[in-house]
Amino acid sequence: MSHRVEFLEGLLNAAGPSGFETGPAGIWREEAGSFAAEVWTDVTGNSIASVNPGGRPRVMMAGHIDEIGLQVTYVDEDGFLFFDEIGGWDTQVLVGQRVRVLGREGFVRGVIGKKPIHLLKTEEREKATKTRDL
């Protein structure tokens with residue numbers, strides 16, 4: 001059982017936003033190698049495992065390994081990061097979220113913030129926050 005928990009934790013902790021799934025895909029292929037007869041990656045990056053290649057009937061199980069994410073688009077002179085979305089987000093749930101930013105030397109922890117309420121104009125307070133304002 002502990003092996004399954006370790007696998008799940010590794011999979012969940014691997015950064016894998018859409019278009020950048022190599023980390024979690026590698027973890028999945030390693031695990032699949034422990035029970036499958038064959039494991040491979042096709043030319044488009046799909047990870048495939050075959051348990052009983054000659055068996056009948058043939059059954060396919062498919063799933064997504066990517067996750068929604070954010071991509072840094074700009075870093076200002078004070079070190080604040082600006083970002084855009086990868087995948088579909090409800091921007092309102094981003095405020096206050098803890099994040100891990102993958103940098104050249106590994107992960108950097110952060111938190112998503114926005115302009116404090118006392119600095120918002122009345123019309124800004126009544127509108128949903130946009131990603132560009134975080």
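Reply: Confidence comes first. This is a predicted model. The chain has a mean pLDDT of 90, and 99% of its residues reach 70 or more. Strand β1, residues 38-41, has the highest confidence, at a mean of 96. The lowest is in α3, at a mean of 85. Where pLDDT is low, predicted coordinates should not be read in detail.

Start with the charged contact. The count of salt bridges is one. Its partners are K115 and E124, whose side chains meet at 3.5 Å, N to O. That pair counts because the nitrogen-to-oxygen distance is within the 4 Å limit. As a general point, side chains of opposite charge can pair when their charged atoms come close.

Now the K115 end. K115 sits in the loop between β6 (106-111) and α3. Leaving out residues up to four places away in sequence, K115 touches L120 and E124. K115 is partly exposed because its relative accessible area is 39%, between the 20% and 50% cut-offs. E124 falls in that class too, as its relative accessible area is 31%.

T91 belongs to the loop between β4 and β5 (98-103). Its relative accessible area is 12%. T91 counts as buried because that value is under 20%. The T91 side chain makes a polar contact with the side chain of E85, at 3.4 Å. It makes another with the side chain of T131, at 3.3 Å. Beyond its neighbours within four places in sequence, T91 is in contact with E85, T129, K130, T131 and L134. E85 and T131, the polar partners above, are both on that list.

D133 is found in the segment after α3 (122-125). D133 is partly exposed, as its relative accessible area is 44%. From D133 to A15 the separation is 118 residues in sequence, and 24 Å in space between C-alpha atoms.

T44 gives an exposed counterpart. T44 is placed in the loop between β1 and β2 (47-50). At 62% relative accessible area, T44 is exposed, because the value is over 50%. The side chains of T44 and D42 are joined by a polar contact of 3.0 Å. The T44 side chain also makes a polar contact with the side chain of N46, at 2.8 Å. Both partners therefore pass the 3.5 Å cut-off for a polar contact.

Now a nonpolar surface feature. V72, V75 and L81 form a nonpolar patch on the surface. Together they have about 210 Å² of accessible area. L81 lies in strand β4, which covers residues 81-86. L81 is partly exposed, with a relative accessible area of 34%.

The peptide bond from R56 to P57 is cis, with omega near -5 degrees. Most peptide bonds are trans. P57 is placed in the loop between β2 and β3 (69-75).

One last point, in strand β5. G103 lies in that strand. G103 is partly exposed, with 34% relative accessibility. G103 and I68 are 35 residues apart along the chain, and 18 Å separates their C-alpha atoms.

To sum up by setting: K115 meets E124 in a salt bridge. T91 is buried, and its side chain has polar contacts with E85 and T131. T44 is exposed, and its side chain has polar contacts with D42 and N46.

Technical notes
Residues numbered from 1 in each chain as written. Predicted model: local features only at pLDDT ≥ 70, side-chain atom pairs only at ≥ 80, totals over all residues. Heavy atoms only, no water. Patch = residues over 30% accessible without salt bridge, like charges linked within 9 Å, V, L, I, M, F, W, Y side chains within 5 Å. Areas by Shrake-Rupley, 256 points an atom, 1.4 Å probe, with all protein chains shown as cover. Helix = DSSP H or I, 4+ residues; strand = E, 2+ residues; numbered from the N terminus. Buried < 20%, exposed > 50% of the residue type's maximum accessible area, 1.4 Å probe, protein only. Polar contact = N/O pair within 3.5 Å; in protein donor to acceptor, adjacent residues only side chain to side chain. Contact = heavy atoms within 4.5 Å. pLDDT = per-residue confidence, 0-100.
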